[in-house]
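The sequence and the model are shown first.

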Amino acid sequence: AGFFHLLNGLENLEYFCSLAEIPKEKLRQKINDWSQFKIFQKALRTPFGECSLGMKKALLVFYTFLKDRPINLIDRPFQGLLKEEREEISEILTMESKALLIICLSEVEKECRGLTKQVLDLREMHLLSKDGPKLKP
């Protein structure tokens with residue numbers, strides 16, 4: 001299965017952070033910021049090959065936000081997740097969206113609505129408010 005499947009989530013993050021030259025102190029601080037998320041804490045201790053899809057998504061989202069990019073593209077963050085996992089990933093994205101622009105791709109509009117103040121429906125080319133009504137383009 002490969003070397004990375006044997007490492008736990010924390011070891012994988014440490015390895016990829018070293019490659020990207022992300023300081024260990026920054027990694028530790030971000031881990032502390034996310035300490036309330038059970039799915040993330042469990043993923044840190046679990047060998048990656050044994051992680052659920054939700055735990056893998058949590059690690060991927062964590063690493064994405066660790067890079068301090070002004071815009072983050074998150075592709076189908078809830079696809080294939082259990083209800084509890086979706087709720088935690090949604091909380092994580094909501095927390096991170098306060099400081100950053102997140103582009104969330106999903107075929108399910110309601111998955112993205114709670115994360116931001118506005119949602120752009122590309123099929124209909126309408127800008128929607130968080131509460132539902134369409135805004136003028």
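## Helix 5 and helix 6

The axes of helix 5 and helix 6 approach to within 10 Å and cross at roughly 5°; axes are lines fitted to C-alpha atoms, for helices over the stretch in contact, with angles from 0 to 180 degrees between N-to-C directions. Helix 5 is therefore roughly parallel to helix 6, given that angles under 35 degrees count as roughly parallel, over 145 as roughly antiparallel, 65 to 115 as roughly perpendicular and the rest as oblique. Helices (H or I, at least four residues) and strands (E, at least two) are DSSP runs numbered from the N terminus.

Helix 5 contributes Gly54, Met55, Lys57, Ala58, Val61 and Phe65 to the contact, and helix 6 contributes Glu85, Ile89, Ile92, Leu93 and Glu96, where contact means heavy atoms within 4.5 Å. By class, the residues of this contact are seven nonpolar, one polar and three charged. In this classification, Ala, Val, Leu, Ile, Met, Phe, Trp, Tyr, Cys and Pro count as nonpolar, Asp, Glu, Lys and Arg as charged, and the others, Gly among them, as polar.

## Basis of the model and overall architecture

The model is predicted: local features need pLDDT of at least 70 and side-chain atom pairs count only at pLDDT 80 or more, whereas totals for chains, interfaces and linings use all residues. Residues are numbered from 1 along each chain as its sequence is written, and side-chain values use heavy atoms, with hydrogens and water left out.

The chain has seven helices and five strands, and along the sequence they follow the pattern α-α-α-α-α-β-α-β-α-β-β-β. Of its 137 residues, 37% count as buried; buried means under 20% relative accessible area, exposed over 50%, and partly exposed in between (1.4 Å probe, protein chains only). Among contacts between residues at least 6 apart in sequence, 54% join residues at least 24 apart.

## Helix 2 and helix 4

The axes of helix 2 and helix 4 come within 4 Å and cross at roughly 80°. These two helices are therefore roughly perpendicular to each other. Gly9, Leu10 and Leu13 of helix 2 meet Phe40, Ala43 and Leu44 of helix 4. This contact has five nonpolar residues, one polar residue and no charged residues.

In helix 2, the buried residues are Gly9, Asn12, Leu13 and Cys17. They lie on the same side of helix 2 because they cover an arc of only 130° around the axis; the arc is that of the directions from the helix axis to the C-beta atoms. The elements that cover these buried residues include helix 1 (3-6), helix 3, helix 4 and helix 5.

Helix 3 (residues 24-33) has Leu27, Lys30 and Ile31 as its buried residues. Their arc around the axis is only 105°, which puts them on the same side of helix 3. They pack against helix 2 (9-19), helix 4 (38-45), helix 5 (53-66) and helix 6 (83-97).

## The largest nonpolar core

A nonpolar core is a set of buried Ala, Val, Leu, Ile, Met, Phe, Trp, Tyr and Cys residues joined through side-chain atoms within 4.5 Å. The largest such core holds 26 residues, of which Leu13, Trp34, Phe40 and Phe62 touch the most other members. Helix 2, helix 3, helix 4, helix 5 and helix 6 each supply at least two residues of this core, and the largest share, eight residues, comes from helix 5.

When residues up to four places away in sequence are not counted, Phe40 touches Leu13, Ile31, Trp34, Ala58, Leu59 and Phe62.

## Individual positions

Thr64 lies in helix 5 and is buried, with a relative accessible area of 15%. Leaving aside neighbours within four places in sequence, Thr64 is in contact with Asn72 and Ile74.

The loop between helix 2 and helix 3 contains Ala20, which is partly exposed at a relative accessible area of 39%. Ala20 and Lys67 are 47 residues apart in sequence and 8.6 Å apart in space, C-alpha to C-alpha. Glu21 is also found in the loop between helix 2 and helix 3; Glu21 is exposed, with a relative accessible area of 71%, and has a positive phi of about 60° although it is not a glycine. Gly49, in the loop between helix 4 and helix 5, is partly exposed at 42% relative accessibility.
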